[in-house]
Amino acid sequence: MSAIVNLALLESLKAHDFKDEIDLYIPFLANTILEIEAYPFDVPSLANKFKEKFGFKPPEAVVKVLLVRAKKNKLVKIENHLYVPISENLTPFREQYEKNKAHLEDALASVIFDFIEFTNSTFDKIITAEYAENILLTFIENNVASLISKQAVSKRSSKNNIKNESHLVASYIAHLYQKNSRDWEEVQTVIKGVVLANYLFFADTKAKVSAKKTYYNISVYLDTPLIVALLGYNGNLSKNAIQELLQLLQSLEVNVYIFDKTLKETEGLFEAWKRDLKRGSADNFNPATLHLLLSRNIDIPQLETQQALLEKNLAGLGINVKYGWKINPEHQCDEKELESHLKRMRAVSSTSKQSIEHDVICISRVNNSRAGAVTKSLNDKFSVFVTPNASLIKHANRFFSSDIDSGIPIVISDTWLTTIFWLKHQNNYKDLPTHSLVSHAYATLNKSDSVWDSFLSRFKRLNAEGVIDDETVEIVRYHKSLLKEVNDCSIEVGDDFSDEGVLEIVKRIEAQKEEAKNLAVASAITLEQEKLFTVSSKLSKSDETVIKFEYFIDKSSRTLSLILTAILGILLILGFYGSLKGLEVFNGETNVILGLATVIMFSLNILGTFWGINLIIIYKKLSEILSKWWKNKILNEQNSSTRLDPFIDEEKP
């Protein structure tokens with residue numbers, strides 16, 4: 001069974017009812033003991049069994065701690081200084097182990113197959129299952145926890161011909177994270193298993209230390225890149241991961257500082273960004289940082305504000321600045337020798353004198369605070385310098401000690417802190433290891449290193465020779481996909497770019513620019529069509545309203561005309577009645593209404609005789625006149641209140 005499956009099993013089998021971190025390992029420990037062939041067994045035998053499963057061998061002191069807990073739980077007993085399994089107590093752990101094992105073997109096989117398919121479809125490369133598992137696990141180990149010996153990594157086949165493995169795996173991790181599929185859930189199980197396995201390298205050997213809840217005795221000093229990430233200049237993923245780790249440390253009362261040198265270096269970084277933005281110079285920027293500044297419209301005044309409020313904002317996040325340092329001459333290291341060592345090992349910048357000075361002084365101060373003592377327990381009072389620079393961690397610690405496993409290192413990574421402290425509050429920060437891995441994956445995708453420098457050098461030369469014109473340089477250099485295209489190409493060529501390779505990248509960027517332009521045009525057309533449709537719909541609804549209103553006016557006009565015509569009809573009858581009685585209309589003796597009716601009757605008779613007008617015609621004509629009058633009156637007033645006279649630009653004679 002492969003190491004990646006065993007690491008996933010370690011997470012899936014961990015105890016959920018525990019009083020400290022050691023209890024987490026009991027289910028896996030029980031199954032590991034059952035697989036030992038020779039009984040009774042000793043501590044080295046169990047340590048070797050762990051190595052067989054995980055590819056690494058935890059310290060025997062930690063294995064002893066596990067066995068002490070196993071004895072307390074009556075899983076083993078001691079006879080003649082050797083350990084004897086108590087089978088009836090170990091066997092109940094086996095059923096869940098076999099069930100989880102079968103599931104994880106199938107699930108992780110699916111992950112590896114998906115990784116192979118992704119590599120083939122995205123980069124047109126074919127890799128083996130063994131190689132895929134190898135580089136995936138290595139990337140997780142390197143970017144989630146930093147204590148495992150890299151002996152877990154077997155030799156890689158040169159037949160795969162992958163020149164930039166980190167970028168390949170980071171691309172796949174980002175792909176899984178965005179897709180959020182079942183495969184991503186299985187990878188998260190491996191991630192947490194790696195953290196658990198790492199903790200075996202530094203598990204507290206005393207129960208009272210393991211149960212410790214606060215660590216005010218520990219002081220961590222953050223490096224500049226972590227501050228930059230915390231301020232959001234490496235993107236939201238990095239910012240959120242660092243914030244979550246910071247909250248975890250503060251919940252454990254760990255003291256978090258930066259040196260005054262780090263504050264000054266961060267302020268200097270803002271100063272450099274302002275200078276380069278003012279000059280319009282892009283070459284000194286990490287391409288991802290440049291794109292972030294441009295996409296967020298971060299200008300010089302905003303950077304000046306951030307720079308002025310830097311210390312205050314950090315204090316608000318619980319990070320204080322440590323000004324000055326009282327040096328103990330007896331334990332002061334040779335800073336010139338340290339600088340020379342780090343330069344020789346290429347662990348620090350070769351171009352920035354200020355950056356080299358910053359790293360050397362910060363590391364020297366932490367070392368001086370240790371007073372030459374080896375710190376072996378989290379219960380001791382000590383300081384550490386935290387940086388994401390893996391090379392600086394490796395070579396700085398080697399400068400001070402040939403055996404960095406003998407105690408807590410002077411220089412550590414943020415992943416080291418995750419490994420040590422995550423288990424203390426894993427329920428509150430259950431996704432911290434996953435966030436850490438995703439953050440490092442995106443950082444890898446956005447990293448500008450020798451690959452970028454090699455491309456940029458050749459790109460500039462082709463521009464100077466006139467092969468790439470200035471207009472194309474403007475299009476390509478500031479394109480958000482440039483760094484991704486360069487790193488994608490590095491999977492095939494490493495940092496050895498050819499002119500043809502650079503021109504191919506330029507061609508792809510131009511094609512993306514043209515495609516984006518076409519999409520923008522299509523989107524604009526679609527938007528205008530949607531607006532036109534909206535206007536048409538409103539007009540249609542308006543027309544429907546007008547039609548309904550006109551119908552109401554017509555109906556009302558007919559009703560009013562009918563009433564008026566009916567009154568005329570009544571008056572006509574009264575007039576006819578009066579005429580039959582022989583009333584004298586003008587002698588003042590008749591009733592006014594009858595008189596009026598008689599007049600109307602004679603008028604209608606005259607109109608009917610000469611022009612053919614009768615009550616029906618009057619009704620129809622009156623309805624028409626009333627309808628037209630109301631429509632003109634109401635609709636014309638409404639139109640005049642909203643209409644704007646067009647502006648006509650007439651040429652005056």
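What is the handedness of the crossing of H12 and H21? The crossing of H12 and H21 is left-handed, a term used if the near helix is turned anticlockwise from the far one by less than a right angle. The model is predicted, so that local features need pLDDT of at least 70 and side-chain atom pairs count only at pLDDT 80 or more, while totals for chains, interfaces and linings use all residues. Residues are numbered from 1 along each chain as its sequence is written, and side-chain values use heavy atoms, with hydrogens and water left out.

Helices are DSSP runs (H or I, at least four residues), numbered from the N terminus, and axes are lines fitted to C-alpha atoms over the stretch in contact, with angles from 0 to 180 degrees between N-to-C directions.

| Helix pair | Axis distance | Angle |
|---|---|---|
| H6 (residues 92-123) and H7 (residues 129-144) | within 9 Å | roughly 100° |
| H12 (residues 236-251) and H21 (residues 432-445) | 8 Å | about 145° |

The angle makes H6 roughly perpendicular to H7 (65 to 115 degrees). Their contact (heavy atoms within 4.5 Å) involves Val111, Ile112, Phe115 and Ile116 of H6, together with Ala129, Ala132, Glu133, Ile135 and Leu136 of H7. For H12 and H21, the residues in contact include Leu237 and Leu248 of H12 and Leu432 and Tyr442 of H21.

Helix H9 (residues 182-199) has 18 residues that should span 26 Å at 1.5 Å a residue, and its end C-alpha atoms are 27 Å apart, which agrees. H9 is mostly covered, with 16 of its 18 residues buried (under 20% relative accessible area, 1.4 Å probe, protein chains only).

Key: Helix = DSSP H or I, 4+ residues; strand = E, 2+ residues; numbered from the N terminus. Parallel < 35°, antiparallel > 145°, perpendicular 65-115°, else oblique. Expected span 1.5 Å × (residues − 1). Buried < 20%, exposed > 50% of the residue type's maximum accessible area, 1.4 Å probe, protein only.
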